[in-house]
2 protein chains.
Amino acid sequence: MGEPVAVIGAGLVGCLASIALAKRGYKVTLFEYREDPRLTSTTDRNLRSINLAISARGISSLEYVDKDVCDRVLEGIIPMKGRMIHDTKGNQEAQNYGLFGECINSIDRAVLNSRLLNELDALENVEVKFGYKLVRINFGDIKQNCIFKTRQNAEESFEFDFVVGSDGAYSTVRAQMQHAVRMDYSQEYIDTCYIELYIPPAKTFNDDFRGPFSISPNHLHIWPRHNYMLIALANSDGSFTSTFFGPWSLVETLNSKSKIEQFFFANFPDAAHLMGLDHAVQAFLNHPKGALMCVECKPYHVPGGKAILIGDAAHSMVPFYGQGMNCGFEDIKVLMNLLDSQSPAEAFESYSQQRHKDLVAIIELAKANYKEMSHKVTSKAFLLRKKLDSILARVLKGKWLPLYTMVSFRADIPYHKAIEIEKRQMKILNFIQAILLALTAAGTIRAFSRLRRLLKRSG
Amino acid sequence: MGEPVAVIGAGLVGCLASIALAKRGYKVTLFEYREDPRLTSTTDRNLRSINLAISARGISSLEYVDKDVCDRVLEGIIPMKGRMIHDTKGNQEAQNYGLFGECINSIDRAVLNSRLLNELDALENVEVKFGYKLVRINFGDIKQNCIFKTRQNAEESFEFDFVVGSDGAYSTVRAQMQHAVRMDYSQEYIDTCYIELYIPPAKTFNDDFRGPFSISPNHLHIWPRHNYMLIALANSDGSFTSTFFGPWSLVETLNSKSKIEQFFFANFPDAAHLMGLDHAVQAFLNHPKGALMCVECKPYHVPGGKAILIGDAAHSMVPFYGQGMNCGFEDIKVLMNLLDSQSPAEAFESYSQQRHKDLVAIIELAKANYKEMSHKVTSKAFLLRKKLDSILARVLKGKWLPLYTMVSFRADIPYHKAIEIEKRQMKILNFIQAILLALTAAGTIRAFSRLRRLLKRSG
């Protein structure tokens, strides 16, 4: 059996990392402080999930780890080929994501997590320990001593060659690493609160959508209202998981049945009809209100190959580019690639060096995309840019890449490269605009001088 | 007896805050996880202190809390009227800090801390508990439940109306507050390591300096070497506490007696002579190597008047402007001023609102000043600017304020205002420069045309 390593946190990224490490021969112990989610009833949902959109980076990383695993865990995902914009009258307008029908894919976080855990059960050199809460790591020269609190409130300790921290935005591994390494770290809350809502399946089968869907399952539905918005992503049973995003100050004023009803009537009449007004009221009054935080840190490792951070523990981002999980899965691909040719000490060092600029890039892109989803999608300039992108991409086949395409459909382009390319393209667009303007101006001047000539003649 | 409140951390800021709160009638319990520093022997020094320079903001805040306390705790401080720049040949050159002889003042951290603790002993409504390490705070609607680990490793809990966090850069209060409030937070290490060194008293009384000082006690000595530097501040016994600052990569190479000796010979021959080469070698090999970190956060309080952060817990800064403690003391003055006219809930809220821009400002200034101390002080442009400042300040009496003067000698100008004024002054200086240049250019043109006329005549 291989070297013993620990993975802390059995969320999506922790599970996939465990599979990848096990396949490389490590003896993996995966610790999770919660109970096994497959044993808790579905009515115990925490009402804080935002449906996931898995796209090229996530899929290619899954495939990289194991093609069969990828096929099994992604079974039945629902492709979304674009946004469906809902206006205040209930009119819908589709905007494609890709130029060639590329899709992102809706999947329920709980379903994906359970499937990944099932995959782990089938592996011999992985042990999953639920109900183990990490308390402390003593980093040693050779072994990393990890101390956990168990369900019974007892302390248990284990030794590992290295520790992988995939324990989310509020990571304990990260906090422990900060005792061993000078880590730059920042957390920043954006002034947005989110509330989970639910659109039930339609009562009858809908031939248009091949299922009991009351709106298109193949679009990410957005009700953009500038300062706030509602979104909805399809589930395979015909329901939609919907999420409201808005400033805390607004949400705090929506504190009574009548105020919430009025708010939905004025802003989301069709959504109110789809989910039922009573549900909206109950959700705003009783569902937990989530905060959104960005986390950045550097480095991601403890020198000597002792520990490494991946997923939200290393880079928590706001959900507006649908890249949180995709980026976390890509972390694994990048790290495993390095581990294939280097020792853990070298690989972790290289990872911190080369991954940082990509993580900073996607965190920034995600933050900027809130404005795009909630506001820009309704502007003429945005639609014009989309059209220009589309024309140039068709004319310049593969030489012109819209930013969204690079981020969501091109796993081969690192995030920071995507930003570089986009900047270059913006310059070209501005140049084209200037030429068009000049041509128009020249045309205007020519027209005037012709007019003058005509006047002279007639004079 | 008044409302019970807790102050966590009996450093300089925690002690002064306790005095200020006690004078306002609160029943203060001050917790410190270390033992009473007055009981530990002076040879137990942690060899990590950088001497303090107390200036206008610190002094005025002490006076604001209690004039008599101020006089007692600052007894025997050593005024420093300027920098003394040492070149690699051992030549010294003085640069005054103020335009009118204003001074900053050297004081030993341990001495000041002990004196402040003595002041607390004399107060009836303050209890100081040493050996109490804060573990957790449960924020309640009315009472804040604080749980400590004692020397005996037992848990003890207490209830307070509010908690003041003055527990330094790695604050536990701050970490606990993050469970109760969405706090933006960042920590950033600068690539500089520091090592404490020591210059012993001279063997004989020096008439020039009125004491056994081997170099001027009334200057802050700097050996600026661009990428790194050495500084020294006087102690009242004739010794100097000296500190080396340099990049970690450099310090890591200085790992043998011969390398360190060579380094000192080449860079600090006079300092090596003053402290003894053996001491320098021992310090570099054996003294702890300190890291320098900047911390920013926001807000500083838990709503409802439950907790507030002051001092390094709220704003850890690098030591290059000598403002860390001064700023921490000023926090107390600002906060107490608010508490005099508002409820704790209102006062804490106002504090977060109005103090943030000043804290961000001084953190930035301190970071920028490393370059000034280690590098710029040797440049002609810097000296020219100093001369211009001096001329303009004398001509425009009180209307022209050098930045250093505003930060160090003018407690009435908030840090962020100082930056605003400096920016305006920079614009004026650039304007003057442009005029001078234009005049010179005009002069040159006139000279040329005169030459041409002369040539014509002679031709």
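In the hairpin of β10(B) and β11(B), five residues sit between the strands, and one residue to look for is N153(B), with a positive phi near 65 degrees. This is a predicted model in which local features need pLDDT of at least 70 and side-chain atom pairs count only at pLDDT 80 or more, while totals for chains, interfaces and linings use all residues. Residues are numbered from 1 along each chain as its sequence is written, chains are lettered from A in the order in which they are written, and side-chain values use heavy atoms, without hydrogens and water.

**Around the hairpin**

Strands here are DSSP runs (E, at least two residues), numbered from the N terminus, and two strands pair if DSSP finds at least two bridges between them. Strand β10 (residues 144-149) of chain B pairs with strand β11 (residues 155-160) of chain B in the antiparallel sense, over six bridges. Within this pairing, Q144(B) stands opposite F160(B).

A salt bridge (a side-chain nitrogen of Lys or Arg within 4 Å of a carboxyl oxygen of Asp or Glu) joins the side chains of K143(B) and D161(B), at 2.7 Å from N to O. K143(B) lies in the loop between β9 (133-139) and β10 of chain B, and D161(B) in the loop between β11 and β12 (162-165) of chain B, so the pair ties together parts that are 18 residues apart in sequence. Over all chains, the structure holds 42 salt bridges.

**Where the chains meet**

Eleven residues of chain B are in contact (heavy atoms within 4.5 Å) with eleven residues of chain A. R182(B), Q187(B) and Y189(B) supply 51% of the area that chain B buries against chain A, more than any other three residues. Buried area is the accessible area (1.4 Å probe) that two parts lose on being put together, summed over both. Polar contacts are pairs of N or O atoms within 3.5 Å, one able to donate a hydrogen and the other to accept it; residues adjacent in sequence count only if both atoms are side-chain atoms.

| Interface of chain B and chain A | Value |
|---|---|
| Buried area | about 1100 Å² |
| Share from carbon and sulfur atoms | 47% |
| Salt bridges | zero |
| Residue pairs in polar contact (both at pLDDT 80 or more) | seven |

Strand β13 (residues 184-199) of chain B gives the most to the side of chain B that touches chain A, with six residues. Which strand of chain A is joined to β13(B)? Strand β13 (residues 184-199) of chain A is, through three bridges, and the two run antiparallel. There, Y185(A) stands opposite Q187(B).

Note on methods:
Helix = DSSP H or I, 4+ residues; strand = E, 2+ residues; numbered from the N terminus.
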